[in-house]
Amino acid sequence: MKNSKKLLTGPYLFWAIAFIIIPIIMIFFYGLTDADNNFTLMNLAEITTPENLKALGLSLLLSFISTVICLILAYPLAVILSNKNVNQSSFIVLIFILPMWMNFLLRTLAWQTLLEKNGVINAVLSFLHLPELNIINTPYAIVLGMVYNFLPFMVLPIYNVLIKIDKDVINAARDLGANAAQVFTKVILPLSVPGIISGITMVFVPALTTFVISDILGGSKILLIGNVIEQEFTQSYNWHVGSGLSLVLMIFIIFSMALVSKYDKDGEGTAF
Amino acid sequence: MIKSMIQKMYLGLILLLLYAPIVTLIVLSFNSSKTRSKWGGFSLKWYASLFENADIMNALYTTLIIALLSALISTLIGTAAAIGMQALNNKFRTTMMAITNIPMLNADIVTGISLMLLFIACRAFYPSFSFGFATVLLAHITFNIPYVILSVIPKLKQTNKYTYEAALDLGASPIYAFFKVVFPDIFPGVCSGFLLAFTMSLDDFVITHFTTGAGVHTLSTKIYSEVRKGIKPEMYALSTLLFVTVLFLLIVVNTAPEQNTSNKKLVRKAPSKFSRIANIAFRRVVPALLVLVIVGGGFFYGAQNRASAGEQVVVYNWGEYIDPKVLDMFEEETGINVVYEEFETNESMYPKVQAGAVSYDLVCPSDYMIQRMLENNLLAEINFDNIPNLKYIGQQYLEQSKAFDPENKYSVPYCWGTVGILYNKTMVDEPIDSWSVLWDEKYEDQILMQNSVRDAFGIALKYLGYSLNSTDLDELQAAKELLMEQKPLVQAYVVDQVRDKMISNEAALGVIYSGEAIYTQSENPDLEYVIPKEGSNVWIDSWVIPKNAKNKENAEAFINFLCRPEIAKMNFDYITYSTPNTAARDLIEDDAIRDSTIAFPNDSELSRCETYQYLGTKFDEIYTELWREIKSK
C-alpha cells in the first residue's frame with residue numbers, strides 16, 4: 001500500500017525536475033559562462049561594480065525597512081484577528097486576500113494617483129489645512145508600496161500559528177500566576193516564532209527583488225537590484241550577466257530557506 | 001472596552017491602507033475623463049465600452065482560463081504529491097519539501113527568467129515551439145503546485161490514520177476508503193489550495209511577463225503595456241466588476257454555514273432555511289458558473305484561435321501608435337487577421353526581435369535602431385511592387401531615411417517628429433528657448449526627463465554644443481556630469497507618463513515627443529511646446545520586416561494599407577504624430593493643425609536637429625553604463 005501511495009508523487013517529481021530543477025540549472029549555466037560558453041566568474045563579479053553594489057545595498061535597506069514595518073503592523077493585527085470569533089475567521093482572512101483580485105499593477109498605480117502632488121491625499125490634507133505630503137518618486141513611496149503589497153504575507157502566517165496555540169496553555173500560564181505581559185513574552189511570542197520567520201521571508205524576498213514597485217512609485221529615479229536584472233534581460237540583452245546577478249540574489253534566498261527550515265520544522269507557519 | 005475600541009480603530013486603519021487604492025480604482029472607473037489625473041464627472045460609459053473592447057475581453061478570458069486550468073491541474077498534481085509525500089521516508093520528504101519551497105521563496109523574477117531560459121532552450125530541439133498560451137500555462141502550474149501542497153499537508157497531518165486503516169479492515173478498497181475517509185478531511189485544504197492557486201495565477205505579472213508571447217495577453221501584461229501611456233479606463237471598469245463579483249461570492253459563501261470546516265465544532269446546529277439556500281448556492285450554483293465560464297471561454301478562445309489560424313500578420317508597434325479602427329478596417333478588407341503587440345522603447349523591442357522567440361512580421365523601430373537591425377542582419381528587403389502607395393510618402397522623408405537605410409530598401413516611414421520641451425505657461429513665467437531651463441534650480445522637482453538613454457544623453461550633448469551622436473569619451477563624460485547635476489532637480493524619469501503628468505499640472509516642464517504635444521495641448525491649453533535653440537533630435541519611425549517573418553506578403557499589404565492617404569490621415573487624427581504622408585497632410589481639414597509648427601516644423605528649425613545613428617555595440621555599452629551610473633547616484 002505504502003508503495004502505491006509513493007507513486008502519487010510521480011507526476012509532481014517529474015514536473016519539479018522539468019520546471020523547477022532544470023530551469024535553475026540553466027541559470028547556473030548562463031551565470032557561470034560567457035558569450036562563448038567558456039566558464040567564467042566574471043558575471044558574478046559584476047555585482048561588485050559601484051552601481052550594482054549600490055542598487056543591491058539600497059534594495060537590502062528598503063526591503064529590510066519594509067519587513068520591519070510589516071512585522072510591526074502585522075503582529076498586533078494577527079493577535080486581534082486570532083481573538084475574533086472562529087466563525088468569522090475565514091472571512092477575515094479572505095479580506096486580506098481579496099485585494100489580490102484587483103490586479104497588482106493597478107493597485108500599485110492607484111497609489112500613484114493617491115500620492116501625487118495634486119493627488120487625492122494632498123487634496124484631503126490641504127482641505128484640512130495640513131502640510132502637503134511629498135513622497136512620490138522617493139524611496140519612502142517605494143517602502144509604502146512594498147508594505148502595502150506584502151503585508152498580507154506577513155499577517156497570514158502569524159495568524160495561522162496564533163490560532164493554533166492551545167488556549168489551555170495560556171490559561172495554564174495565567175493560573176500559574178503569569179501576568180498579561182508574561183503570558184505574551186513567555187508563551188505566545190515563542191510559540192509564534194515559526195509564523196514570524198515565515199512571514200519575514202515571504203516579505204523580504206519579494207521586496208528585495210521587485211522591479212515593478214520601484215518603477216511605478218520611484219519615478220525610475222531609483223535603481224534597485226531587481227531593476228538591474230530586469231534590464232540586463234530585457235534591454236541590454238546580456239543573459240549571462242543577468243543570470244550571474246540572479247545567482248547572487250539566490251544566496252539571500254537560500255539563506256532565508258535555511259532560516260525557515262531551522263525555525264519552522266513542521267511547516268506550521270505557512271501563509272495559507 | 002477601551003481596549004476593544006483601540007483594536008477596532010487599528011483594524012480600521014489597516015483596512016483603510018489596504019482598501020484605499022481599491023476605492024480609488026473603483027472611483028476612477030466612473031470618471032468620464034480619459035486621463036486618470038482629471039475628474040471629468042460621473043459616467044458609466046467605460047462599462048459600456050468595456051464589452052466592446054475585444055482586446056480587454058480577450059485578455060480577461062485568457063487570464064481566467066489560465067487561472068482555472070493552472071489551478072485545476074496544480075490541485076490534482078499537488079494533492080497527489082502531498083498524499084504521496086506522507087508515505088515517503090523522512091529524508092526524501094525533506095528533499096521534496098525543499099524543492100517545493102524553491103518557487104515559493106525564489107524571487108518571481110528569477111523563476112520567470114529561469115523558465116524563459118528553459119523554453120528558449122526547448123526551441124533548439126523543437127523549432128516550432130513558440131512562446132504563448134502553453135508556456136504561460138506551464139509556468140503558472142509550476143508556481144501554483146507548491147501553494148496546493150502547502151495547503152493540503154497540514155490537513156493531512158490532522159487526519160487520523162487509524163480511521164483509514166479501520167476502513168480497510170472493514171473491507172473497503174484503498175480507493176474507496178480514501179474517498180470516503182481521508183478525502184473529506186483534507187477537502188478544506190484542497191479547496192483553499194485551489195482558491196489560492198487561482199488567486200496567485202490571477203495576480204501574477206512578473207512570471208507571465210517573461211514567459212508570454214505575441215498576441216497572448218493576460219490582464220497583467222495588458223496593464224503593464226498600458227502603464228506608460230496611461231491605463232485605459234475600461235480596465236478600471238473591468239477590475240471593479242471582478243472585484244465586486246468576488247466580494248459578492250465571498251459574502252454568499254460566508255453566510256452559509258461552513259459544513260466543510262465544521263468538523264471541529266462540537267454541536268452541529270440545524271441549518272436555517274436561508275443558510276440552506278445559501279449552501280446550495282455555494283455548492284451547486286458557483287461550481288456550475290465556474291464550469292460555464294471555462295466551457296464558454298474555451299469555445300470563445302477556440303474560435304479566436306481558429307480565426308488566427310488563417311491568414312495573419314504579426315505587428316509589433318509602439319504603444320498607442322495606431323488607430324484601432326484602422327486594424328479593424330484592414331481585417332475587414334483583406335481577411336487577414338492582425339495580431340497586434342506593443343513595445344515601449346527601441347531598446348526593449350530589439351532583444352525580442354533578435355531572440356526570435358516570436359516571429360514578428362512587421363516592426364516599427366526608430367531610425368538608429370533600424371540601422372542596428374540592419375547591421376546585425378535582422379531585416380528582410382521589402383518588395384516595393386506590393387506597396388504602390390509608397391508614392392504618397394514625401395520625398396524628403398525617404399531622403400532623410402537614407403541616413404539609416406542607405407538605399408531605401410528596408411524601411412517605409414510611418415511617423416516622424418522632434419524632441420522638445422513641453423512647459424506649463426502658468427507655472428513658468430519666462431520665455432523658454434533653451435535646454436538650460438532643465439538645469440534651473442528654480443524648477444526643482446518640477447522637471448520630467450525622458451527615461452531613455454539616447455534621449456537623455458542627446459539633450460545633454462546638444463546643450464553642451466556637441467553632436468548627439470558623440471563618441472568622444474570626454475564629451476560623454478561631460479554629458480554624464482551634467483545629467484548627474486540635473487538629477488536632484490528631476491521629479492521623475494518617464495517615457496509616456498509625461499503626458500498625464502503635464503495635463504494634470506504635476507510638473508512645470510517635461511521633455512516630450514512632438515506628437516504628444518498636440519494631444520496634451522488639447523487637454524490642457526496652458527501647455528506650450530518648443531524646440532530649444534541649441535537644437536534637438538529629429539526622428540523617423542519606419543516599418544521594417546524582420547528576416548524571420550512568416551507572412552511577408554501580408555506585412556507588405558499592411559504597409560500599403562497604412563500608406564493610403566485616407567487611412568494615414570485617420571491615423572494622424574488619432575495618434576497626433578506627424579505623418580510623412582504628404583497626401584494625408586493635405587487632407588487635414590483644420591488649418592491650425594495642418595500648418596502647425598509643432599507637427600510640421602519649418603526647415604530652419606529642422607536644420608538645427610540631428611537624427612540618431614547607431615553607434616555600435618561598444619558605444620551602446622558605454623552609454624548604458626554611464627546611464628546606469630546616473631540612475632544609481
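Biologist: Before we start, how are residues, chains and ligands numbered or lettered?
Modeller: Residues are numbered from 1 along each chain as its sequence is written, while chains are lettered from A and ligands numbered from 1 in the order in which they are written. The model is predicted, so local features need pLDDT of at least 70 and side-chain atom pairs count only at pLDDT 80 or more, but totals for chains, interfaces and linings use all residues.

Biologist: What helices and strands does chain B have?
Modeller: Chain B has 26 helices and 11 strands. These are DSSP runs, numbered from the N terminus: helices are H or I with at least four residues, strands are E with at least two.

Biologist: How much of chain B is buried?
Modeller: Of its 633 residues, 45% count as buried. Buried means 20 or more other C-beta atoms within 10 Å of the residue's own; exposed means 12 or fewer, and partly exposed is in between, with C-beta atoms placed from the backbone.

Biologist: How many residues of chain B are in contact with chain A?
Modeller: 85 residues of chain B are in contact with 79 of chain A. Contact means C-beta atoms, placed from the backbone, within 7 Å.

Biologist: Which helix gives the largest share of that side of chain B?
Modeller: Helix α1 (residues 2-28) of chain B, with 12 residues. The whole side divides into 55 nonpolar, 22 polar and eight charged residues. Nonpolar covers Ala, Val, Leu, Ile, Met, Phe, Trp, Tyr, Cys and Pro; charged covers Asp, Glu, Lys and Arg; the others, Gly among them, are polar.

Biologist: New topic. Which residues have the most contacts inside the largest nonpolar core?
Modeller: Met154(A), Val155(A) and Leu362(B), in a core of 239 residues. Such a core is a set of buried Ala, Val, Leu, Ile, Met, Phe, Trp, Tyr and Cys residues joined through C-beta atoms within 7 Å. Its largest share, 16 residues, comes from helix α8 (residues 139-164) of chain A.

Biologist: What does Leu362(B) touch?
Modeller: Not counting residues up to four places away in sequence, its contacts include Val313(B), Tyr316(B), Trp543(B) and Phe558(B).

Biologist: And Leu245(A), buried or exposed?
Modeller: Leu245(A) counts as buried because it has 26 C-beta neighbours inside 10 Å. Leu245(A) lies in helix α14 (residues 239-263) of chain A.

Biologist: What is Leu245(A) in contact with?
Modeller: Glu46(A), Ile47(A), Val228(A), Ile229(A) and Glu232(A), leaving aside neighbours within four places in sequence.

Terms used: Two residues are in contact if their C-beta atoms, placed from the backbone, lie within 7 Å.
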